[in-house]
Amino acid sequence: MTGPLKFRNGVFTVLQVSDAQDLQYVRRTMLWMLERAYDRVKPDLILLTGDNTLGNHFRDALPVVSKLTVNTKEKEFRAMQKALAYVLEPIAKRNIPFAMIYGNHDDMNEITKEEQAEIYRDYPGCVGLDNPDKSVDVDTYNIPIYSEDGSRVAFNLWMLDSAWTDHEQKRGFCEIKPETTAWYVKTAKALAEENGGAPVPALLFQHVPLRETLRLIEECDKAHGAVAQDGKYYRLKPDTHGVMGEYPSVCDTDAGLFAAIKQNGDVKAVVFGHDHLNCFEGRLDGLDFIQTASASFRCYGSPHRGARVFRLYEDGRYETEHLRYFDLCGKNPVSALRYLWDADDVWKIKAALLGTLATGAVAVTAAAAISRKMRNA
Ligand SMILES: [Fe+2]
């Protein structure tokens, strides 16, 4: 286990990786991109903010083969361990502390959240997953960041569960549970009391966006970049910066979390994953709303794939920037070819390219055969 996290020279750097969402056969380009992010940013903490695996596809990751070889809970657990090792070992190799929350895909299998938590805890850099309050999910907890002298909690990171599967009902939920909101309110008050009555500055991470995210968008005419939903078109409001590639898929309910956050006054920004094509920063009622695009190359995505940096300052301020694949890996033929090889969203280009190459190969073979025949005639 790692010791208490502390500011150094007034700064603490967090790297958010959301929706890594891969399997026991990983797309290597995502790992390449993430390793570049770790080496460039040199974060003090990495946060995996849900859909850390494509949890519903271990048993059919490869046609036929996986169905035959991953056919028990134990084998599914081992497949999950392997998928997570691809993500966690590069972090462990660099001795960077990390923490996680689950997304909707993580819980779509027979492995319980508690059992999955053991895989993360096996890595010495694992932070959190330590909430003694069992009224909330295992991935609901907070991470205190101490002042450089260790005398006080200078910043706090909330990690809240927002997605799970009811395995009996065979139904997925994207919600903040009432008990999660209640735990947040109770714990924020306790932290403020320890801080002389003042709220401790915080960022709050949950996988599925809060419902209020929909207040950041507006209906518009059909135009380039507008997102279609139920026969209407939408775009980000002018004061929200970034890209919206899909209509936000928000929590079914939020159990009063937004109101509680405003009342407590501790949270500077709420940060989400889940919507792979969305990457933006907006503001509502004095609270920053931050959406981070997915990292996964296995699942749907866009060239906004990447990771988000948060620089926290000991005086309570923070800054953020999103680093995309081509920012991290450079715009060059190698990075372009690797993107093309592994990214899910360019399959049409890939198919066209392979078709052209196959046609070219057939044409060259045919020309060679004809020329051989003519020489022999
Ligand atoms: Fe996802």
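This is a predicted model: local features need pLDDT of at least 70, side-chain atom pairs count only at pLDDT 80 or more; totals for chains, interfaces and linings use all residues.
Leaving aside residues up to four places away in sequence, Leu 157 touches Val 14, Leu 45, Leu 47, Tyr 141, Asn 142, Ile 143, Ile 145, Leu 203, Phe 205 and Leu 312.

An open sheet of five strands was found with mixed pairing, and its strands follow the order β4-β3-β2-β17-β18. The edges are formed by β4 (98–101) and β18 (318–324), each of which has a single partner strand, so one side of each is left without a neighbour in the sheet. On average, and with direction ignored, neighbouring strands of this sheet are turned by 20° against each other. Strand β17, residues 306–313, runs antiparallel to β18 and is joined to it by seven bridges, and within this pair Arg 311 stands opposite Glu 319 of β18. Helix α1, residues 28–41, lies across β2 (11–17), β3 (45–49), β17 and β18, and it runs at about 175° to β2.

The iron ion has four protein donors, Asp 19 (OD), Gln 21 (OE1), Asp 51 (OD) and His 276 (NE2), which lie 2.1 to 2.3 Å from the ion. Along the chain these donors follow the spacing D-x1-Q-x29-D-x224-H. Asp 19 lies in the loop between β2 and α1, whereas Asp 51 lies in the loop between β3 and α2 (65–69), so the pair ties together parts that are 32 residues apart in sequence. Asp 19 counts as buried, because its relative accessibility is 1%, and Asp 51 counts as buried because its relative accessibility is also 1%. The angles subtended by the four donor atoms around the iron ion range from 85 to 172°, which makes the arrangement irregular. For a tetrahedral assignment, all angles would have to lie between 85 and 135 degrees.

Further antiparallel pairs of strands are present in the model. Strand β10 (residues 217–220) pairs in the antiparallel sense with strand β12 (residues 232–236) over four bridges, and the bridge partner of Glu 219 in β12 is Tyr 234. Strand β12 is also joined, by three bridges and again in an antiparallel manner, to strand β11 (residues 227–229), where Ala 228 stands opposite Tyr 233 of β12. The hairpin of β11 and β12 has two residues between the strands, and in this hairpin Asp 230 takes a positive phi near 50°.

Strand β15, residues 278–284, is largely enclosed by the rest of the structure, because five of its seven residues are buried. Four bridges join β15 to strand β13 (residues 241–244), which runs antiparallel to it, and Gly 242 stands opposite Phe 280 of β15. Strand β15 pairs in the antiparallel sense with strand β16 (residues 287–291) as well, over five bridges, and Glu 281 has Ile 290 of β16 as its bridge partner. In the hairpin of β15 and β16, which has two residues between the strands, Asp 285 takes a positive phi near 50°.

Thr 112 is placed in the loop between β4 and α4 (113–121). Because its relative accessibility is 37%, Thr 112 counts as partly exposed. The C-alpha atoms of Thr 112 and His 167 are separated by 9.9 Å, and the two residues are 55 residues apart along the chain.

Definitions and conventions:
Residues are numbered from 1 along each chain as its sequence is written. Side-chain values use heavy atoms; hydrogens and water are left out. Contact means heavy atoms within 4.5 Å. Two strands pair if DSSP finds at least two bridges between them. Axes are lines fitted to C-alpha atoms, for helices over the stretch in contact, and angles run from 0 to 180 degrees between N-to-C directions. Donors are N, O and S atoms within 2.8 Å of the metal (3.2 Å for Na, K and Ca); water is not among the atoms, so sites may look incomplete. Four donors count as tetrahedral if all angles lie between 85 and 135 degrees; four count as square planar and six as octahedral if opposite donors are over 155 degrees apart and all others between 65 and 115; anything else is irregular. Buried means under 20% relative accessible area, exposed over 50%, partly exposed in between (1.4 Å probe, protein chains only).
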